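Subject: Structure handover

Hello,

Here is the structure I said I would pass on. My notes on it follow below.

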Amino acid sequence: LDYDSLVFSGSTEPPQPTTPVTREDALAILYTSGTTGLPKGAVLSHDTLLYRALAWHVTGDVGPDFVGWGPMFHMISTEPLLTVTLLGGTFYIVNGFKTELVLERHRQADTGYFLFIPGVVDRILEYASKNDIDTAAYESLEKIGALADLVDPDKIERLTELFDAEYLNTFGSTEVGFPPLSNDTIPVGTRPGTADLSKSEGPLCEVRLIDEDWNEVA
């Protein structure tokens, strides 16, 4: 193939898909081992990821921009990427959690959410102990963090005060994403106790508990 020939013979018209796609067709396969300990592919449809993106937007957590430092094959980047695409925002890609660079991108981005997981909490706090962090520089942030159950309550209190943003009390999986049970937050300056870590149903979602025969249970 010759590049110049392809350009010369090409068209500026948008390509027309030749394969029909339904809303229930697969859009992505994300691998997870969270529930079994063995890797398996979770097949996610167009509908599934569209509604996850809409749920992120309805809660105001993602958009119009987002800083994606997590791997692009993981839901923590895939879900926000689709949300930002639908909103026409900017998705800032950072190759891994490089603390100073991630913080710089959040100062540039117009995003309401700084996603970080328990494994990087100490790195943020260590950086903050050695460098001045101007809370005003992160004024677009309304929520931070994830998986509050796995973070020291004292550190949650410090982080919310550091960014003047509430801590997102998430619970999710690759199969269902964040939205179903991640609608609760921990207020700024709160040292959460057990009661503060209960989850609440998210927008566009209905949750019920069933047994192995699909009977609803208490």
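The accessible surface of the protein is about 12,800 Å², and carbon and sulfur atoms account for 54% of that area. Please keep in mind that this is a predicted model.

Overall layout

The protein contains six helices and eight strands. Read from the N terminus, the order of elements is α-β-β-α-β-α-β-α-β-α-β-α-β-β. The C-alpha trace spans about 60 × 55 × 30 Å along its principal axes. Of the 218 residues, 38% are buried. For contacts between residues at least 6 apart in sequence, 56% link residues that are at least 24 apart.

On charge, there are 14 positive and 34 negative side chains. The centres of these two sets lie 6 Å apart.

Helices 2 and 3

Two packed helices are described by the angle between their axes and the distance between the axes. For helix 2 (residues 46–59) and helix 3 (residues 75–87), the axes come within 8 Å and the crossing angle is roughly 75 degrees. Helix 2 is therefore roughly perpendicular to helix 3, because angles of 65 to 115 degrees fall in that class. On the helix 2 side, the contact is made by L49, L50, R52, A53, W56 and H57. Helix 3 contributes E79, L82, T83, L86 and L87.

I76 is also in helix 3. Its relative accessibility is 12%, so I76 counts as buried, the cut-off being under 20%. Leaving out neighbours within four places in sequence, I76 is in contact with F66, G70, L115 and F178. I76 and F116 are 40 residues apart in sequence, and their C-alpha atoms are 9.3 Å apart in space.

T32 belongs to strand 1 (residues 26–32). T32 has a relative accessible area of 11% and is therefore buried. Which residues does T32 touch, not counting those up to four places away in sequence? They are L38, P39, K40, T174 and E175.

V176 is located in the loop between strand 7 (166–169) and strand 8 (184–186). With a relative accessible area of 43%, V176 is partly exposed. Its C-alpha atom is separated by 12 Å from that of A55, a residue 121 positions away along the chain.

Backbone angles to check

Most residues other than glycine have a negative phi, and most peptide bonds are trans. Two residues are listed here for their phi values.

- L147 is not a glycine, yet has a positive phi of about 55 degrees. L147 sits in the loop between strand 6 (143–144) and helix 6 (153–163). Its relative accessible area is 29%, so L147 is partly exposed.
- W214, also a residue other than glycine, has a positive phi near 70 degrees. W214 is in the segment after strand 8. At 63% relative accessibility, W214 counts as exposed, since the cut-off for that class is over 50%.

To recap the burial classes: I76 is buried, and T32 is buried. V176 is partly exposed, L147 is partly exposed, and W214 is exposed.

Regards

Definitions and conventions
Residues are numbered from 1 along each chain as its sequence is written. This is a predicted model: local features need pLDDT of at least 70, side-chain atom pairs count only at pLDDT 80 or more; totals for chains, interfaces and linings use all residues. Side-chain values use heavy atoms; hydrogens and water are left out. Helices (H or I, at least four residues) and strands (E, at least two) are DSSP runs, numbered from the N terminus. Buried means under 20% relative accessible area, exposed over 50%, partly exposed in between (1.4 Å probe, protein chains only). Contact means heavy atoms within 4.5 Å. Accessible areas come from the Shrake-Rupley method with a 1.4 Å probe; for residues, only the protein chains shown count as cover. Lys and Arg count as positive and Asp and Glu as negative; His and the chain ends are not counted. The place of a charge is taken as NZ of Lys, CZ of Arg, CG of Asp or CD of Glu. Axes are lines fitted to C-alpha atoms, for helices over the stretch in contact, and angles run from 0 to 180 degrees between N-to-C directions. Angles under 35 degrees count as roughly parallel, over 145 as roughly antiparallel, 65 to 115 as roughly perpendicular and the rest as oblique.
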